[in-house]
Structures are given as C-alpha cells and as structure tokens.
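Trainee: Could you take me through one part of this model in detail? I would like to look closely at the sheet and how its strands pair.

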Amino acid sequence: MKTRSWILLLSALALVLGLIVLVQQLTARPAGTALVYSDGALVARLDLSADTRLRVDYAGGWNILVVENGAIRVEEASCPDGDCMRQGAKSGGAPIICLPNHLSIRFTDEGYDGVSR
C-alpha cells in the first residue's frame, strides 16, 4: 500500500474510535449513589444529589470525603502520596481508590436492578 492509503486508513480508524468514545460519553448517565468501602467493608452509602461531608478512619489513617454538585471527591487524606485527592470529583465511572488507607469509592445507579433491552 502507498503511504497515502495508510494515512487515509488510519485517519478513518481514528475517526471511528473517536465517535465511539464520544457516543459513550454523551450517553453515560451519572451514578445516583456512591458506595464507600473501608478495608472491603461497606461503611457508607452516599446519595450524590445531597451535599455531604464524611470522615472515614482506618488504622490511624483517614480520608475526608465531600459530596457536592452531584459528585464526590476526597478533599483531604492522611496517605503519603495523595493520589486519591488528585483523582478529582467523580459521579460515575472508575472508582476512587486510596490504597494506603484501604478506601474505595464505587458508583452505582440505584434505579436499575438488571439489564434492560
């Protein structure tokens, strides 16, 4: 194949992949609830529509969680690296994790019990 054909093929592939990502982002619904786990145990179920502030303690460590504007974030943490704070505010998608403090924040949509067609 000529160079021009490869460029057109790769451009078309990039366009299709970009459209797929765009459609997924536009159709994604924010979660209604954040489930807060400490050391694998559920410690809180937070409604993302209600502004809340919560401190979660774990073996000398702690995290302060803030729910506002439909999203949750780790405002402060005692962990040395602070990666959990840099993840920012989220309302769905990948969980927020703080490995040193054994904290995990997962998202769920309480309105659905199964898969609909």
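Mentor: Happy to! Let's start with β3 and strand β4 (residues 61-68), which pair in the antiparallel sense over 7 bridges; strands here are DSSP runs of E with at least two residues, numbered from the N terminus, and two strands pair if DSSP finds at least two bridges between them. This is a predicted model, where local features need pLDDT of at least 70, side-chain atom pairs count only at pLDDT 80 or more, and totals for chains, interfaces and linings use all residues. Residues are numbered from 1 along each chain as its sequence is written, and side-chain values use heavy atoms, with hydrogens and water left out.

Now follow the pairing residue by residue. Asp 57 has Trp 62 in β4 as its bridge partner, and Tyr 58 stands opposite Gly 61 in β4. The hairpin of β3 and β4 has 2 residues between the strands, and there Ala 59 takes a positive phi near 40°.

Stepping back to the whole sheet, you will find 3 strands in the order β3-β4-β5, an open arrangement with antiparallel pairing. At the edges stand β3 (52-58) and β5 (71-77); each has a single partner strand, so one side of each is left without a neighbour in the sheet. From one strand to the next, the twist averages 25°, with axes taken as lines fitted to C-alpha atoms and angles running from 0 to 180 degrees between N-to-C directions. As background, strands of a sheet pair through backbone hydrogen bonds, either parallel or antiparallel.

Terms used:
Helix = DSSP H or I, 4+ residues; strand = E, 2+ residues; numbered from the N terminus.
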